[in-house]
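Colleague: I would like to learn how to read a model of this kind. Could we go through it feature by feature?

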Amino acid sequence: MPDNCIFCQIVAEQAPAHRVIEDDLAVAFCDIFPIATGHTLVIPRQHAANVFEIDEEPMRATAALARRVSHALRDALAPDGLAVYQANGAAAGQTVWHYHVHLIPRNDGEPLAFHGRTRADDAELAAMAKRIAGHLPG
Ligand SMILES: [Zn+2]
């Protein structure tokens, strides 16, 4: 793994993250710069910078986990909508060079944005991760 990749460090538990759920191939955790309550990231364990580098199996696993967490977010937070966003390259808004899917609960009237500027409180993120996990489909 690239030793400067923060998401690889999270996968390896060398960096903290408020995990919602994980499996053999993917990990879901709360974004520490959330743009909305419940903003969750889903990443493959295997490092790949973007959609052009990722193998099919980890991409499928990431999508499947994103689907499960989407259901949990809907049940936990009842947002008006849910954005599923995956950026490739700076021009598309990518800022971490490890493939990731954003799950962003949206509510009517909120402005669209994809990266928050304020770091969230750890206790709030921990509570949110637990809350979302409590709604995961079986
Ligand atoms: Zn990585």
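Modeller: Start with burial: a residue is buried if 20 or more other C-beta atoms lie within 10 Å of its own, exposed if 12 or fewer, and partly exposed in between, with C-beta atoms placed from the backbone. This is a predicted model, in which local features need pLDDT of at least 70, side-chain atom pairs count only at pLDDT 80 or more, and totals for chains, interfaces and linings use all residues. Residues are numbered from 1 along each chain as its sequence is written.

Colleague: Which residues of α3 are buried?

Modeller: Helices (H or I, at least four residues) and strands (E, at least two) are DSSP runs, numbered from the N terminus. In α3 the buried residues are Leu-125, Met-128, Ala-129 and Ile-132. They lie on the same side of α3, because they cover an arc of only 100° around the axis. That arc is taken over the directions from the helix axis to the C-beta atoms.

Colleague: What covers the buried residues of α3?

Modeller: Contact here means that the C-beta atoms of two residues, placed from the backbone, lie within 7 Å. The cover of these residues includes β1, β2, β3 and α2.

Colleague: What span does α3 have from its first C-alpha to its last?

Modeller: The expected span of a helix is 1.5 Å times one less than its number of residues. With twelve residues, α3 reaches 16 Å, close to the 16 Å expected.

Colleague: How many helices and strands does the chain have?

Modeller: There are three helices and five strands. Their order from the N terminus is α-β-β-β-α-β-β-α.

Colleague: In what order do the strands lie in the sheet?

Modeller: In general, strands of a sheet pair through backbone hydrogen bonds, either parallel or antiparallel. Two strands count as paired if DSSP finds at least two bridges between them. Here the five strands form an open sheet in the order β1-β2-β3-β5-β4, with antiparallel pairing. At the edges stand β1 (19–22) and β4 (81–85), each with a single partner strand, so one side of each is left without a neighbour in the sheet. From one strand to the next, the twist averages 15°.

Colleague: How many bridges join β2 to β3?

Modeller: Five bridges join β2 (residues 26–30) to β3 (residues 40–44), and the two strands run antiparallel. Phe-29 stands opposite Leu-41 in β3.

Colleague: Which strands does helix α2 touch?

Modeller: For directions, axes are lines fitted to C-alpha atoms, for helices over the stretch in contact, and angles run from 0 to 180 degrees between N-to-C directions. Helix α2 (residues 56–77) packs on the sheet and touches β1, β2, β3, β4 and β5 (101–106); its direction makes about 160° with that of β3. Helix α3 (residues 122–133) also packs on the sheet, touching β1, β2 and β3, and makes about 40° with the direction of β1.

Colleague: Which residue is 8.5 Å from Asp-75, C-alpha to C-alpha?

Modeller: Leu-136, which is 61 residues apart from Asp-75 in sequence. Asp-75 belongs to helix α2 and is partly exposed, with 13 other C-beta atoms within 10 Å.

Colleague: What is the phi of Glu-13?

Modeller: Most residues other than glycine have a negative phi. Glu-13 has a positive phi, near 60°, and sits in the loop between α1 (6–11) and β1. Ala-78 has a positive phi of about 50°, in the loop between α2 and β4. Glu-13 is exposed, with 10 other C-beta atoms within 10 Å; Ala-78 also counts as exposed, with 9.
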